[in-house]
Amino acid sequence: MLAASLDRKPKMKSVCLFLNKMPKLKRRLLLIALLLLAVSSASWFAIFLLHSSEEQGSPSNLGRLSASPPTPHITLPVDSGPYHNWQLFAADFEDMIQSFKIYVYPTNSASSTFASSASIFLPHPNPFDPKLGNYFSEHMFKLSLLSSSLITTNPEKAHLFFLPFSVNLLRNDPRVHSEASIADFVARYTTSISQDLPFWNASLGSDHFYACCHSVCREASSKHVGLRNNAIQLTCSSSYFQRFYVTHKDVALPQVWPRPPQHALNPPHARDKLVYFAGRIQNSNIRQQLVDLWGNDTYMDIFPGQPSYPYEEGFRRSKYCLHVKGYEVNTARVSDAIHYGCVPVIISNHYELPFANVLDWSKFSVIVNNGDVALLKRTLLSITRRKYMSMYHNLYKVRRHFVWHETPKGYDSFYMTAYQLWLKRSSLRLSS
C-alpha cells in the first residue's frame, strides 16, 4: 500500500505541471467541466438511492416499509360550452325522461258548466297558423305534451298536474274575451277542479301548472288565490317585476315563432352589418332612444317599424341582433336571432331568460342594461373577434333548444321546458 501511495505522487505531480502549463482560460474551463461532472455524478447517485428506497416500499416489501400514499388523480374541468354544467344537466335530464309523469285534466273532469267550452281545453287545430304569432309556444307546449312519453293517465303516479285551458283561445272567444271575464272563467274552472277531484287539495295547487304566452296571462290567475300564489305559471312574460309572476315558483317559456328550417347558417364573414333591429317604437322609450342615437348609422340597421328589406334578412346579414323591451320584457326576437345565427343583444331589464339555470347566456349573447344604450356601439365594437366567434359557435349549439316539434324530441323547446318543471316537482303533499 505504501508503494502504491508513493507511485501516485509522481502522477499527481505530472498532472499539476500539466495544468500549470495550460493557458489560464483553458485551465479554468477544464476545472469547471470537472466540477460539473462531479455534481452530475452525485445527482445520479442520489436518484439511484431514491429509486432503491421506492422499490423497498413496493407491495412486495410492505413488510419492511410503509407504502407511500398514491398521487391523487386530478380531474380537469370539462368545457361545457354554452352550458353551466353539461354533464350534470345531461344526467338529470335523462333521469327526467325515465321518471317524470304529468297528468292532464280531461275536459270532462270539470262540471257540465264548461261542456260548451271544450275547445278551450283542447290543442289548437292548426298551431302552425302564422296568425298565432306570439302565442305559438303556448299551443305547441300543449300539443307536444299530449304527444310525449311524460303523460300518465293515472293521477296517483303524477308528479305534476296540467290545467289545459288556453288564455289565447279565451281571448279570441267572444263569450269571454275581456281580461276580467278570462280571470272569472279561470277561477271558476280551478274551483271546480278542486271540488270535483282530490288532487288540487292534496297540495293546495302547488303541483299544478298552466301555460300561456298572451300578454293578458298575468291577469288570468288574479281571481283565484291558490292559482295565483301556489300553482306554477309557465309563461313567456317572465319578468321579475311582472304582476303575479313569482320567481323560483314560475317558469319562463321561450317565445318562439314558427320559422322555416335553417340548416346552414350565414357565416360570420358574410355578415356585413354590426346591428339589426326592426320593430314598433310607440310602446318603448328605449327603442325610441335607439332610433334617435343610431337610426342613421350605416353600420347599424335600426328601423322604427318594418325594414326596407325582408324582416328575416336582417338576422342573416348582421352580427348582433337586438332584443329590446317593448310593452313586455319578452319578444320572439331572441329566438329569431338564435334561429338565424345572429348573436342576441338583450336590452330588457328584469327579464328572466328561458332555461337560465341550464344555459349560460353570457356564452352566446350580450346583455346590456337599459341605462347603457348610449354605449351600445362601443360595447359591441370592443368585443374581440375571438370572443364573437366563440359566441357564434355556442349559438349554433343552443339552436335546438328553441325549436318546437309536434312530437317532441331530443333537447327541443318542449323537453327543455319540461326539465324546468321537473325541477319544480315536490314529494310533499297533504293527505286528501
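## Helix pair α3 and α15

In α3, residues F89, D92, F93, D95, M96, I97 and S99 meet Y415, M416, A418, Y419, W422 and L423 of α15. Contact means heavy atoms within 4.5 Å. By class, this contact has 10 nonpolar, one polar and two charged residues. Ala, Val, Leu, Ile, Met, Phe, Trp, Tyr, Cys and Pro count as nonpolar; Asp, Glu, Lys and Arg as charged; the others, Gly among them, as polar.

Helix α3 spans residues 86-99 and helix α15 residues 413-424; they pack at about 85 degrees, with axes 10 Å apart. That makes α3 roughly perpendicular to α15. Axes are lines fitted to C-alpha atoms, for helices over the stretch in contact, and angles run from 0 to 180 degrees between N-to-C directions. Under 35 degrees counts as roughly parallel, over 145 as roughly antiparallel, 65 to 115 as roughly perpendicular and the rest as oblique.

## Model basis

This is a predicted model: local features need pLDDT of at least 70, side-chain atom pairs count only at pLDDT 80 or more, and totals for chains, interfaces and linings use all residues. Residues are numbered from 1 along each chain as its sequence is written, and side-chain values use heavy atoms, without hydrogens and water.

Five strands form an open sheet with parallel pairing, in the order β7-β6-β8-β9-β10. Its edge strands, β7 (300-303) and β10 (366-367), each pair on one side only. Strand β9 (residues 343-347) is joined to β10 by two bridges. In one of them, I346 has I367 of β10 as its partner. Two strands pair if DSSP finds at least two bridges between them. Helices (H or I, at least four residues) and strands (E, at least two) are DSSP runs, numbered from the N terminus.

Helix α14 (residues 385-398) packs on the sheet and touches β8 (318-324), β9 and β10. The direction of α14 makes about 100 degrees with that of β9.

The largest pocket has a volume of about 630 Å³. Its lining has 25 residues; N134, W257, R287, T331 and R333 are the closest to its centre. By class, seven are nonpolar, 12 polar and six charged. A pocket is an open set of points on a 1 Å grid over the protein atoms alone, where a 1.4 Å probe fits, with protein on both sides within 12 Å along at least five of seven lines; lining residues have an atom within 4 Å of a point.

The second largest pocket holds about 470 Å³. R259, P261, H339, V403 and H405 lie nearest its centre, among 23 lining residues. Helix α12 (residues 333-340) gives the most to this lining, with four residues. The lining divides into 11 nonpolar, six polar and six charged residues. Volume is the space filled by probe spheres set on the points, which are joined across faces, edges and corners.
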